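Thanks for coming. I have one structure to go through today, so let me put it on the screen.

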Amino acid sequence: MLRESQNFFFHLMAKPETIGQLKKNRAKTLKRFFRSEKDRKALLSVPFERLETYRKHVSIGLLGGIESAFPVLRSLVSQDEWNGLLNEFYLKRLTRSPIARQIFREFSNYLQKKYRGPLLKRLPYLKELAEYENLDIRILYDVDRPVEGPLAADWHAAAKTPEELLSLVPVLNPHQALRVYAWPVHRICKGFSTAKQVKPGRVALLVYRDPETLSVRFLESNPLVADLVGRMTKGEKTVGAILEALLKKHKPADPAAFVREGIGAIDVLKDKGVVLGFRTS
Amino acid sequence: MTPKLGIGLGLRREHYGSLLSNLPSELQWFEVAPENYMEIGGKVYRDFRELSERIPVVAHSVSMSLGSLDPLNKTFLKQLKKFIREHKIPLASDHICFSSYHGVQFDDLVPLPFTWEAVKHVAKRVKQVQDFLEVPYAVENVSYYVPAGAADMTEWDFVRAVVEESGAGLLLDVNNIYVNSVNFGFDPETYLRAMPLDKIAYVHIAGHLRKRKNFILDTHGDEIVNPVWEILDELAAMTKLSGVMIERDANIPPLEEILDEIRHIEKILKEPRSHAA
């Protein structure tokens, strides 16, 4: 009977059609789940409102959590559209974690991989926006990964010569991610409810956790910044080695200017907290 | 051996600022949903760690799904054990219910049928969880709205049987007793009298939402009402309680308002049957 009972609640909560069937013909519907008349009798006279409560609670539980994690996306759709998205997600959910932050990731993944619904016509950036909002949450709660020191905060002071400057190793903030979006997702605001309010345009965003305040920030990245961070992500290398690799890639007309620009970009990354500091050896 | 806790509060992020700047002496411990704090870093983790270093924390999970026919979630168990060790948590708890089936999380606490089959099943899993976590473990009576099938016994006999069969402590929720007494029409005192008082690890008290005369929703979103205070008072007169805490999960008021309720608990525990209502 335990299995029958759990199967009944599973259908009541996870299969939206069940509540309608119970409303239409409770005796017949209960017969599908419980063999014993005694069990069916226990549920036959329960006020419908109470059965409905379990179905509603699924929405309330999911709504509250996901709504808070995707505030912009939520603001762009109506209550019915939002409920529809959540219900569809709930039915097709793949990994089914009990941890809230993992549910947010599941929701974002579901939208990226499975969602083919009508909202995409009105909000063509829906998938990218969900990915961006999920990335924000992921970085905010990313498990701390302490960086071993010592690190020089002021690399210009730590290096006595230009050669020494190039021999320093920039250490990247471990809580960052570089993403390229086809839509300017960081500029989409609450209330942008039509596609016309957002123009498509490729944007590279560096999303990172500020090492001091621990809040999440973003930096619009040009190709040079994106390349620098990309190289730093692959492992610790000296500034010289990083710039040399980029010189080979870009073959600039003025290599000295390119190096100056690269050093300037690293300064910006350090100021923003994307680069935490520099190893001197 | 369950620890002596005193009076506590469910930790909410809305209160972090007040708690970190001036931790009230009335609060002796916090209860947290580990699902919100496991495997995280950043500011929330930093603030939580600071508080957990100053005051004991009890881990009250909602996802163990102790009564489910699905296998226990080993990943979740391992993460919980790590969390318990990291924050030196002296006691963990969850609910006598199931909250997932066929791998689907319900985000809700779903009742079990009051049968011997369910008692054996849930008690076996509680033992497994307790053995794995290696800290005292308590199980909570839940509120519910729909019976999970025909019953072999009353709700209070079911709760007592699970506690006795599993060897776990009892986390007795007096608001849930009241909610169920209204929804299913029984005398809360009958329930209290059937409880294994020596097994009570701690007590939950909370507010609820009365939808209509005979239907209450267990929301934890309102102030505690007199009939619930009276159940706590009655219980405090029956046995010395080692821990009582307030659950407030919705419509979170300023900390000072909750402290008024905390002070009321203090009075009840000190002099039962003279301060309720």
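**A helix, a sheet and an interface**

I will start with a helix in chain A. Helix H10 of chain A, residues 126-141, lies across strands S2, S3 and S4 of that chain. Its direction is at about 25° to S3(A). Keep in mind throughout that this is a predicted model.

Now the sheet under discussion. S2, S3 and S4 of chain A make up an open sheet of three strands, in the order S2-S3-S4, with antiparallel pairing. Why is one side of S2 and of S4 in chain A left without a neighbour in the sheet? Strand S2 (176-181) and strand S4 (216-221) of chain A stand at the edges and have a single partner strand each, so one side of each has no neighbour there. From one strand to the next, the twist averages 25°.

Take one pair in detail. Strand S3 of chain A covers residues 203-209, and six bridges join it to S2(A) in the antiparallel sense. If you want a residue to look at, pick A:Leu178: its bridge partner in S3(A) is A:Leu206.

Next, the two chains together. In the contact between them, chain A takes part with 37 residues and chain B with 38. On the chain B side, helix H2 (42-54), strand S5 (98-101), strand S6 (104-110) and helix H4 (116-133) supply at least two residues each. Which of these gives the most? That is S6(B), with six residues. Sorted by class, the side of chain B that touches chain A has 19 nonpolar residues, twelve polar and seven charged.

That is what I have for today.

Methods:
Residues numbered from 1 in each chain as written. Chains lettered and ligands numbered in written order. Predicted model: local features only at pLDDT ≥ 70, side-chain atom pairs only at ≥ 80, totals over all residues. Pairing = 2+ DSSP bridges. Helix = DSSP H or I, 4+ residues; strand = E, 2+ residues; numbered from the N terminus. Axes fitted to C-alpha atoms, helices over the stretch in contact; angles between N-to-C directions. Contact = placed C-beta atoms within 7 Å. Nonpolar A, V, L, I, M, F, W, Y, C, P; charged D, E, K, R; others polar.
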